[in-house]
Amino acid sequence: MAGNRTFTMIKPDAVENGHIGPILEKITAAGFRIVAMKYTQLSRRDAGEFYAIHKERPFFGELVDFMTRGPIVAAILEKENAVEDFRALIGATNPAEAAEGTIRRLYAKDIGENAVHGSDSDENALIEGAFHFSGREVYS
Ligand code: RTP
Ligand code: MG
């Protein structure tokens, strides 16, 4: 039986620091199945569109600079209760507040450069997955 899905990105800081392997290991060990994955770099337009909800926030420019400065790993993950369980696995936005053992606690530097993205709702998981992948790139 297929579980539901979430969307993630391993952000440029984690890629630069050589954390792709350990992060994917944590993700799969937690029971998520990778159903789509690519190594790519966001354009400024992509990043602005992806994080459009934060357009008016003071950190928006910094966020776009950060998310476009190097390659990312984008993936769609499948598991029962995927969105909520993945947010628990990555931990709080600010790694200083993230629980022990979470991906952000282990690999993130600060609230801006925080290693990974995780969708915050089933609806956004669908939108974000479709932003990065065509139907033919998803293998269930
Ligand atoms: P994400 O969307 O990347 O999974 O992160 P999130 O839900 O935990 O946090 P959100 O509020 O959606 O913020 C999106 C990303 O913007 C950057 N940020 N910087 N400098 C700051 O105060 C600040 N606040 C947020 C982070 O990269 C955050 O993940
Ligand atoms: Mg968010």
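**A chat about the sheet and the ligand shell**

Student: Where does UniProt place the feature "active site"?
Tutor: The UniProt record, an unreviewed entry, places that feature at His117. Please bear in mind that the model is predicted.

Student: Which strand holds His117?
Tutor: His117 belongs to strand β4, which covers residues 116-118.

Student: And is His117 buried or exposed?
Tutor: His117 is buried, because 20 C-beta neighbours lie inside 10 Å. The cut-off for buried is 20 or more.

Student: What does His117 touch, apart from residues up to four places away in sequence?
Tutor: Its contacts are Thr8, Met9 and Lys11. Met9 is also the bridge partner of His117 in the strand pairing.

Student: Which residue of β4 stands opposite Thr8?
Tutor: That residue is Gly118. Strands β1 (residues 4-10) and β4 run antiparallel and are joined by 3 bridges.

Student: Turning to the ligand, which residues surround ligand 1?
Tutor: Ligand 1 is surrounded by His54, Phe59, Leu63, Thr93, Ile111, Gly112, Asn114, His117, Gly118 and Asp120. His117, the residue with the "active site" feature in the UniProt record, is therefore part of this shell, and its 20 C-beta neighbours inside 10 Å make it buried.

Student: How does that shell divide by class?
Tutor: The shell has 6 polar residues, 3 nonpolar residues and 1 charged residue.

Student: Back to the sheet. In what order do the strands come?
Tutor: The order is β2-β3-β1-β4, in an open sheet of 4 strands with antiparallel pairing. The edges are formed by β2 (33-40) and β4, each of which pairs on one side only. From one strand to the next, the twist averages 15 degrees.

Student: Which helix packs on the sheet and touches β1, β3 and β4?
Tutor: That is helix α5, residues 82-90, which touches β1, β3 (72-79) and β4. The direction of α5 makes about 35 degrees with that of β1.

Student: What about α7, where does that helix lie?
Tutor: Helix α7 (residues 122-132) lies across β1 and β3, and runs at about 55 degrees to β1.

Student: Why is β1 described as largely enclosed?
Tutor: Strand β1 is largely enclosed by the rest of the structure because 6 of its 7 residues are buried.

Student: How many bridges pair β1 with β3?
Tutor: There are 7 bridges, in the antiparallel sense. In one of the residue pairs, Phe7 has Ile76 of β3 as its bridge partner.

Student: New topic: what is the phi of Asn81?
Tutor: Asn81 has a positive phi of about 60 degrees, although Asn81 is not a glycine. This residue sits in the loop between β3 and α5. Asn81 counts as exposed because there are 11 C-beta neighbours inside 10 Å.

Student: And the phi of Ala115?
Tutor: Ala115 also has a positive phi, near 75 degrees, and is a residue other than glycine. Ala115 lies in the loop between α6 and β4. With 26 C-beta neighbours inside 10 Å, Ala115 is buried.

Student: Finally, which helix contains Arg105?
Tutor: Arg105 is in helix α6, residues 103-107. Arg105 is partly exposed because 17 other C-beta atoms lie within 10 Å. Beyond four places in sequence, Arg105 is in contact with Gly91, Pro95, Ala98, Ala99 and Glu100.

Student: How far is the C-alpha atom of Arg105 from that of Ala52?
Tutor: The two C-alpha atoms are separated by 26 Å, and the residues are 53 places apart along the chain.

How values were computed: Residues are numbered from 1 along each chain as its sequence is written. Chains are lettered from A and ligands numbered from 1 in the order in which they are written. This is a predicted model: local features need pLDDT of at least 70, side-chain atom pairs count only at pLDDT 80 or more; totals for chains, interfaces and linings use all residues. A residue is near a molecule or strand if its C-beta atom, placed from the backbone, lies within 6 Å of it. Ala, Val, Leu, Ile, Met, Phe, Trp, Tyr, Cys and Pro count as nonpolar, Asp, Glu, Lys and Arg as charged, and the others, Gly among them, as polar. UniProt positions are given in the numbering used here, feature names are shortened, and annotations may be inferred rather than shown by experiment. Helices (H or I, at least four residues) and strands (E, at least two) are DSSP runs, numbered from the N terminus. A residue is buried if 20 or more other C-beta atoms lie within 10 Å of its own, exposed if 12 or fewer, and partly exposed in between; C-beta atoms are placed from the backbone. Two residues are in contact if their C-beta atoms, placed from the backbone, lie within 7 Å. Two strands pair if DSSP finds at least two bridges between them. Axes are lines fitted to C-alpha atoms, for helices over the stretch in contact, and angles run from 0 to 180 degrees between N-to-C directions.
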